[in-house]
Structures are given as structure tokens and as C-alpha cells.
Amino acid sequence: MFVVENLEHLALVLAHELGHALRIEHVEHEASALMSPFIRYERDGGYGFRLTEADITALEAAFAARR
């Protein structure tokens, strides 16, 4: 069973899984990336819901592969 802590956590998990549905793999060596294999809880009390350059590069590569 998977339990989310709040709506922000749920939104982060859903966005991450949508990335997989778009055939985007995990982004390695970038802990704050949306497509990181681990969800990181930020010190400010949030989950850091933002795209990094690594996420954008992975998204562009996934779309380029579909052409």
C-alpha cells in the first residue's frame, strides 16, 4: 500500500509517474529532479516540485525519440 502525506506529495508522485508514462527514465545524480528515483523532502517543509535541467533534457530526449 502506498500512502501520500498531503496533496503536494500526491501531485509530485503523479507528475513523476506521468513522466514514466511518457517513457522518461529516472534522472541519476540529480537529487532534486522530478524524475529522480527518490522523493526528497526539502528542508523548508515542501517536496521541491520543480523541473531541473536534467528533467527537461530527459523530456526533450523522450519526445525526440518518438518522432
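Helices (H or I, at least four residues) and strands (E, at least two) are taken as DSSP runs and numbered from the N terminus. The structure is a predicted model, in which local features require pLDDT of at least 70 and side-chain atom pairs count only at pLDDT 80 or more, while totals for chains, interfaces and linings use all residues. Residues are numbered from 1 along each chain as its sequence is written, and side-chain values use heavy atoms, with hydrogens and water left out.

The protein chain contains two helices and zero strands. Of its 67 residues, 28% are buried, where buried denotes under 20% relative accessible area, exposed over 50%, and partly exposed in between (1.4 Å probe, protein chains only). The accessible surface of the chain amounts to about 5100 Å², and carbon and sulfur atoms contribute 58% of this area; accessible areas were computed by the Shrake-Rupley method with a 1.4 Å probe, and for residues only the protein chains shown count as cover. Among contacts (heavy atoms within 4.5 Å) with a separation of 6 or more, 35% join residues 24 or more positions apart.

Helix α1 comprises residues 7-21 and includes Leu 10. Leu 10 is partly exposed, at a relative accessible area of 31%. Together with Leu 7 and Leu 14, Leu 10 forms a nonpolar surface patch with about 310 Å² of accessible area in total. Patches consist of residues with over 30% relative accessible area and no salt bridge, like charges being joined within 9 Å and nonpolar side chains (Val, Leu, Ile, Met, Phe, Trp, Tyr) within 5 Å; a salt bridge is a side-chain nitrogen of Lys or Arg within 4 Å of a carboxyl oxygen of Asp or Glu. An α-helix has 3.6 residues a turn, so residues three or four places apart point the same way. His 16, also a residue of helix α1, is buried, with a relative accessibility of 11%. Beyond its neighbours within four places in sequence, His 16 contacts His 26, Leu 34, Met 35 and Ser 36.

The loop between α1 and α2 holds Arg 23, His 29 and Thr 52. Arg 23 has a phi near 70°, a positive value in a residue other than glycine, and His 29 likewise has a positive phi, of about 65°. Most residues other than glycine have a negative phi. Arg 23 is exposed at 64% relative accessibility, and His 29 is exposed at 84%. Thr 52, by contrast, is buried, with a relative accessible area of 10%. Neighbours within four places in sequence aside, Thr 52 is in contact with Glu 30, Ser 32 and Ala 33.

Asp 55, Ala 58 and Ala 62 are the buried residues of α2. Viewed down the helix axis, these buried residues fall within an arc of 65° and therefore line one face of α2, the arc being that of the directions from the helix axis to the C-beta atoms. Glu 53 and Glu 60 are exposed on the other side of α2. In the segment after α2 lies Arg 66, which is exposed at 55% relative accessibility. The C-alpha atoms of Arg 66 and Arg 23 are separated by 9.6 Å, although the two residues are 43 residues apart along the chain.
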